[in-house]
Amino acid sequence: MPDGDAAPWWKTAVFYQVYPRSFALADLGARRARLDQLGGLAGAAPGAVRDSAGDLEGIRQRLDYLAWVGIDAIWLSPFQPSPMVDFGYDIADFCDVDPLFGTLDDFDCLLADAHARNLRVIIDLVANHTSDQHPWFVDARSSRTAALRNWYIWRDGRGPDRATPPNNWTRAFGKGPAWTYDEATKQWYLHLFMPEQPDLNWSNPEVVEAMTAVIRFWLDRGVDGFRLDVVHGLGKDPELPDVPAERAALPYCVQNDHPSTHGILRELRKVVDAYPHHPVLVGEVFLLTARQIAAYYGADDELHLAFNFPAMGCDFDAACIRRRTDEATRVFGEVNAWPAWVLSNHDQPRLRTRYGGSERRARAAAFLLLGWRGTAFLYAGEELGTEDAEIPPEQTVDPGGRDGCRAPIPWDPTPNHGWELDSQPAWLPWPPQASVRNAETLSHDPASILALYRRLLAARKASPALTLGDLELLATPESVVAFRREWEGDVRVVVVGFGKEECAVELEAPQGGWVVEVATGGEEGLAGEGTAYLGRIGPEEALLLKPGR
Ligand code: GLC
């Protein structure tokens, strides 16, 4: 796509995260044929979990919807061959498609059809670890002298009989050490996540070379970049020291922050920068502060973007949101890094659920996500105001307790909600009110949250202030957050009311006053779109204002 002096595409883009298992199922027959041919799916979870997951064809068939919603790019969570212990984040072959989801040809079709609609596609790169079924690990654990032994992290145990793990790091998902003892070779291997997800040894240049080949494999096929899973985990302190006892119970994956990762990222950045289509590297740096996250942009020679997670930790609370907005403006500004915002994903309860279940609040949050300075990442279903599904204990499948936010997307009001389920149940329960809260029903309702998202996305696309502008927090009453965005003469103001009462919010007005461009309530509510701003905001209302003429 043309480039010139324009801002890089990923700065102005709104990304939409697709979790393939939960997005759409369109070709169950082809799946069954693939699986029959392979004699089933090795190691895969049984029953509905396998049979009624979404597929790549399902995603392809929904591209027109995504273009209609107004997003610019898709991030696909993993679809590569996997035993699915972590639902795809345990990859057994980085350069193929799991037969559950389709084939490489299906992927190529999806990519071509997305590009034909001006939608870019980035994919997950799960580089910190592989599945224990990956041939690399199968070789590594075969003997102490195996060719790929040193591609993973092996240590002797501590104590007289070496029966104690090499250090006190704990793993994510379930309690326990980040180490598993391998009986055959009598050493421990490191895994920041499940025992079935052994960590790669990125201090070994052969690993860097192998993963570089993976990156090239997908870039050569035309993908527009990667979301790098737990990227701050890649480099490890070679001493593998204990953490202080008071932090030992905290999974080590949220603590690892070793300087060697930055060198690795500079190498990976060079690899992607050599491609003329400007692929992007978006990092999941799951560390606790914006300052730690910002360090992973390097001097514009590491990640292009890193999710600013602290904002996800706020309730629907003006003080917290104001603090996070201010902090991001300062911290990312200081190192000239472009923020990346996310309020929901496949690992956390959805924002509406976190905010107490209210659709008003979910609507207001859309103004933050799409109004903040930076690249926005929207999780599939947010545009429908989806809440987490209730998961009865017998239907729980995820070891990390994240099933609720992974409920399948309801496409229409029919009992199977647009999924080709045959007589199978969906792989997880539907989210609440799926017979009315589905894409088709909401698409016919101009007052729906889906219609609101479309108006906001269109307004954002049309405004240089919203896509590129600086952000200035404005002085407001405590229960309100308001900020001004400005770029080359274009100006917008976002006002979000968090209170239960109507509230006066005086704003310094341009000559023609402020006009409400988008409002949470559409034409209803306190402020109607296209009318003059009256200097007040309703309970849990949000407004996008533009100068009147
Ligand atoms: C990341 C993913 C999460 C996965 C974990 C291990 O945090 O977002 O879903 O379980 O990494 O790969």
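Mentor: Cys503 is buried in this predicted model, because its relative accessible area is 13%, and burial requires a value under 20%.

Cys320 itself is bonded elsewhere: together with Cys314, Cys320 forms a disulfide in which the two sulfur atoms are 2.1 Å apart. The structure holds one disulfide. The torsion about the S-S bond of Cys314 and Cys320 is about -80°, and the disulfide is therefore left-handed. Both partners are buried: Cys314 has a relative accessible area of 1%, and Cys320 has a relative accessibility of 7%. Cys109, by contrast, takes part in no disulfide, and the nearest cysteine sulfur, that of Cys95, is 19 Å away. With a relative accessibility of 40%, Cys109 counts as partly exposed.

Burial is also found in strand 6, which spans residues 187-190. In a regular strand, side chains alternate between the two faces of the sheet. Strand 6 is covered on both faces, with Gln187 and Tyr189 buried on one side and Trp188 and Leu190 buried on the other. Strand 5, residues 179-182, runs antiparallel to strand 6 and is joined to it by four bridges. Within this pairing, Trp179 has Leu190 as its bridge partner. The hairpin of strand 5 and strand 6 has four residues between the strands, and Lys186 takes a positive phi near 55° there. Strand 4, residues 154-155, also pairs with strand 6 in the antiparallel sense, over two bridges. Here Trp154 stands opposite Tyr189.

The ligand provides a further setting to examine. Its surroundings comprise 14 residues, and the closest are Asp86, Asp229, Glu284, His346 and Asp347. By class, this shell has seven charged, four nonpolar and three polar residues. For Asp347, a side-chain N or O atom is 2.5 Å from a ligand oxygen. For Glu284, a polar side-chain atom lies 2.8 Å from an oxygen atom of the ligand, and for His129 the corresponding distance is 2.9 Å. Taken alone, the ligand exposes 300 Å², of which the protein buries 96%.

Technical notes: Residues are numbered from 1 along each chain as its sequence is written. This is a predicted model: local features need pLDDT of at least 70, side-chain atom pairs count only at pLDDT 80 or more; totals for chains, interfaces and linings use all residues. Side-chain values use heavy atoms; hydrogens and water are left out. A residue is near a molecule or strand if one of its heavy atoms lies within 4 Å of it. A polar contact is a pair of N or O atoms within 3.5 Å; within protein, one must be able to donate a hydrogen and the other to accept it, and residues adjacent in sequence count only if both atoms are side-chain atoms. Accessible areas come from the Shrake-Rupley method with a 1.4 Å probe; for residues, only the protein chains shown count as cover. Ala, Val, Leu, Ile, Met, Phe, Trp, Tyr, Cys and Pro count as nonpolar, Asp, Glu, Lys and Arg as charged, and the others, Gly among them, as polar. A disulfide is a pair of cysteine sulfur atoms within 2.5 Å. Buried means under 20% relative accessible area, exposed over 50%, partly exposed in between (1.4 Å probe, protein chains only). Two strands pair if DSSP finds at least two bridges between them.
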